[in-house]
Amino acid sequence: MSSLPIQRALFPLLYPISKIYSFAMSYRRKQYEAGAKEQFSPKAPCVAVGNISWGGTGKTPVVSWLLEWAERNHYSSVVLSRGYKASPPKTPYLVTPESTAAQAGDEPVMLANAHRKARIVVDPVRRRSGAWAEKKFRPELLVLDDGFQHLAVKRDLNLVLLKPEDLTTEWDRVIPAGSWREDQSALSRAHAFLIKVDSLAPLKSVIKDRLAQFGVPVFSFSLVPQQLVPVSAAAIEAFEKAKEKHQTVILKNYILFNGVGEPAQVEETAKKFMGRSPYKHQRFADHHAYTEAEIAEMGNVGLPLLCTPKDAVKVPEVLGVEVWTFALSTKFGDSMFTGKLFADWWQEEWNAMRDASGTRKKITKKSAVATSAPRPVLKNEK
């Protein structure tokens, strides 16, 4: 259940506290900008994908798009994640498809399964994991997952994701009076805004009022289901039987369940793709860890279960229960304050980042040579 209605009701009482929190975050940001706090400076181009508020803005699908782009263009990539609710056996922790959500967090495991050529590294101290990953893997692209507020790692680009309500009812409402992690002045660090909507047209007026002042492009994006993917043994069996008959799996009725920040968006996506609403929508808390009992209880109705890829990596096997997920792709749509589509804009930014990265590497190399050169012997030394 969302806490926003309570926050809105108590806004007059919570507002003074939110101003103190905003000041603290602003002071912290200025310390990093002034060099008073230590930062890791990657040699490779570094992109932060983050948001101004909590909740499901689509960070992981955007990270996934960047990894797909890197793979298509033969660039090696590393994702630095804090691993929300994770307990890795060591840090930094390299996530593999065999890692569990308990070890690495649900989203890192999902990324590791979907992108076998990328390295997904979990560590709450990303300054440490960044240096470790750079030395070990020499990546050509470094991605900070949920990294907008993680200022201990320098980045070349900030992609800031927003929800429509961030521009309306939640605008500049900072914790604890709202969902924002920083006040609106922090948005000046953005190089582009990405909004998870089919089209920017309904938001055009408010986007001009709120975001034009920052002088950076705004892009829309959406998540498009491509096909159903079996998760459980029963679903795999049904999938194989359909394939033998050269048929496509169709769920005539289904139960939808998820533990995500924006469950209403998931239901709308499922409804569009399946052509019908779910028989039931079971909502769990974000990042929920599922038990066999919960899956069995939902499966007792006798209908297939459908969940998001983020949920699928945490679903325990329950005999006889069909569990399915979507294969999702990230689709970018219209834009504002630029005449470019996101892919074209990104390519231009990438070229600029590569040039800057090359300059950094040359400077580092020259510094290393100077450091390793023999120290001249002074006249008074013997």
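Which helices and strands do the buried residues of H5 pack against? The views below take up that question and a few others. This is a predicted model, in which local features need pLDDT of at least 70 and side-chain atom pairs count only at pLDDT 80 or more, while totals for chains, interfaces and linings use all residues. Residues are numbered from 1 along each chain as its sequence is written, and side-chain values use heavy atoms, with hydrogens and water left out.

View 1. Helices (H or I, at least four residues) and strands (E, at least two) are DSSP runs, numbered from the N terminus. H5 covers residues 106-114, and seven of its nine residues are buried, so the rest of the structure largely encloses this helix. Here, buried means under 20% relative accessible area, exposed over 50%, and partly exposed in between (1.4 Å probe, protein chains only). The buried ones are Asp106, Glu107, Pro108, Val109, Met110, Leu111 and Ala112. As for what they pack against, it's H3, strand E2 (77-81), strand E3 (93-95), helix H4 (101-104), strand E4 (119-122) and helix H11 (309-312); contact means heavy atoms within 4.5 Å.

**View 2. Threonine 57 in the loop between E1 and H3.** This loop runs from strand E1 (46-51) to helix H3 (59-72). Threonine 57 is buried, at a relative accessible area of 0%. Setting aside residues up to four places away in sequence, threonine 57 touches Asn51, Leu161, Leu162, Lys163, Lys196 and Phe221. With asparagine 51 there's also a side-chain to side-chain polar contact at 3.0 Å. A polar contact is a pair of N or O atoms within 3.5 Å; within protein, one must be able to donate a hydrogen and the other to accept it, and residues adjacent in sequence count only if both atoms are side-chain atoms.

View 3. Glycine 58 sits in the loop between E1 and H3 and counts as buried at 9% relative accessibility.

**View 4. Isoleucine 52 across from glutamine 149.** Isoleucine 52 is found in the loop between E1 and H3 and is buried, with a relative accessible area of 0%. Isoleucine 52 and glutamine 149 lie 97 residues apart in sequence, yet their C-alpha atoms are 8.3 Å apart in space.
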